[in-house]
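Student: I am new to this structure. Please take me through one part of it closely.

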Amino acid sequence: MNVLLRTFFRLCPYNLRNMKRPPNGLYPITPQSNVALLKAYAISNNKEIIGKLYRRMLLLRSHKTKNFALKQGITIAISLYENSADDPTPLNTVWFGQFLLEEHSGEIPETEKKELLYSIATYLIEELGYIDHKEQGVYFYYGPTLKKEVYNASAIISAFLIKLGVKYGNNTFVKLGQRGIQYVCHKQNEDGSWFYAGKPSRATIDCFHQSYILQAICSVKQYLPFDASVVINKGIIYYKTLFIEGKGYIRPVRYDKRYTPYNTWLFVKVDGRDVAEALVFFTKYVPDKEMVQKLLRYTYDKFYTKKKGYMVPEIFVYGKNRIPYIEFQAWFLYAFQIVKQYYNE
C-alpha cells in the first residue's frame, strides 16, 4: 500500500498533497535534504547555517546501531526494500561523512569531527558489513536489509574510507576502500556502463547512478594501487551516450533503453538527479564547460518553476512531477554551488 500511494502521488502531474503546515508547524525531519544542504552550504562556508544543520543531523542518529549512523526518519517503502523510520540509512550516513571530511568552517571541533568519522567508518565496516570476494575485492552492502549487490553505494562507501584513511593515516580504511573500488571496477560492463544491481536482479542501467560510480572512482584514483584510467575513460565514453543534444540544450536520458527499466523509470523522461549529478561530474571531475552551460540552460528552462521559485523533481513523458520535494531542492543547490565555485561567473 505504501508503494502504491507513493507511486500514485509521484506519477500524478498535479500536486494533490496537502501542502499546508501541520498543526504543530513541523514536518518529519529526515537526513536526505539535510545532508545535501550541509554539503552545499559548506561550499559557501555559511557558518550559521552549517552549525544549525549539523546540530540537527546529530538528532537524527539511529538507535539501532552501536556506532554513528543516520536513521531514515520516515518509513521507506520502495520495490527493493522497506525500512522503518529508525532503521539506519548507510548512503546518507556516508554522505554526512563526506561533508565532515570536506568542510572547513571551524564550526565543528576537529576532535569531535574525527570521533564521528571513525564511528561512521566502524559502522560501515563492522555493522553494515561487506562481502569479501577475495582477489576481486569487497562489496559493501547497500542497506541493513538489502543483500543484493547495488554498485553505486559500495563505490561511494569505498571512496569515503580511502579518503578518511588518507586524512588520518589509517591504512586499514585505505586498503579496505581500495578493495571496494577494485570490485566495482571489476563489475564494469564491456561498453563502460554499470548495471544498477548485480544478479539475480534483472539488468538495468540509469543515468545518475553512472555518475555516482564515476565520481567515486575519480575522487580517489590517485590513491589506488592499480591504474583505473581505462575504467574511467570507458565509463566516461558510455556516460556521455546518456545525453541528447538539441535546441541549444543538452539533456540526460533517464535509462538505457536496451534494458527493461525498474518500475517507475518507464514513465520518467528526466530525473532531477540526472541533471544535478551531471553538473557535478562535468564541473568537478571531467571539466566540460560547454556541456555544463547547455545542461544549465536546459535546467533553467525545464526544471525551474519561475512563478513559484522551486525545482521540479522529475519530468515525465506526459508532464512534470510538481511536488516540491525538499531533497531535490537540496541536490540542485549543491550542484549549482559546485558550478559556481569552479566557474565563478
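Tutor: Start with L266, which counts as partly exposed because its relative accessibility is 48%. Partly exposed lies between buried (under 20% relative accessible area) and exposed (over 50%), with a 1.4 Å probe and protein chains only.

This is a predicted model: local features need pLDDT of at least 70, side-chain atom pairs count only at pLDDT 80 or more, and totals for chains, interfaces and linings use all residues. Residues are numbered from 1 along each chain as its sequence is written, and side-chain values use heavy atoms, without hydrogens and water.

L266 sits in the loop between β6 (249-252) and β7 (268-271). Strands here are DSSP runs (E, at least two residues), numbered from the N terminus.

L266, F267, V317 and Y318 make a nonpolar surface patch of about 390 Å². Nonpolar side chains (Val, Leu, Ile, Met, Phe, Trp, Tyr) are joined within 5 Å, like charges within 9 Å. Areas come from the Shrake-Rupley method with a 1.4 Å probe; for residues, only the protein chains shown count as cover.

Now the sheet. It is open, has three strands in the order β7-β10-β11, and pairs antiparallel. β7 and β11 (320-321) stand at the edges with a single partner strand each, so one side of each has no neighbour in the sheet. Pairing needs at least two DSSP bridges between two strands. Two bridges join β10 (residues 314-316) to β11. There, E314 stands opposite N321 in β11.

Methods
Patches are made of residues with over 30% relative accessible area and no salt bridge: like charges are joined within 9 Å, nonpolar side chains (Val, Leu, Ile, Met, Phe, Trp, Tyr) within 5 Å. A salt bridge is a side-chain nitrogen of Lys or Arg within 4 Å of a carboxyl oxygen of Asp or Glu. Helices (H or I, at least four residues) and strands (E, at least two) are DSSP runs, numbered from the N terminus.
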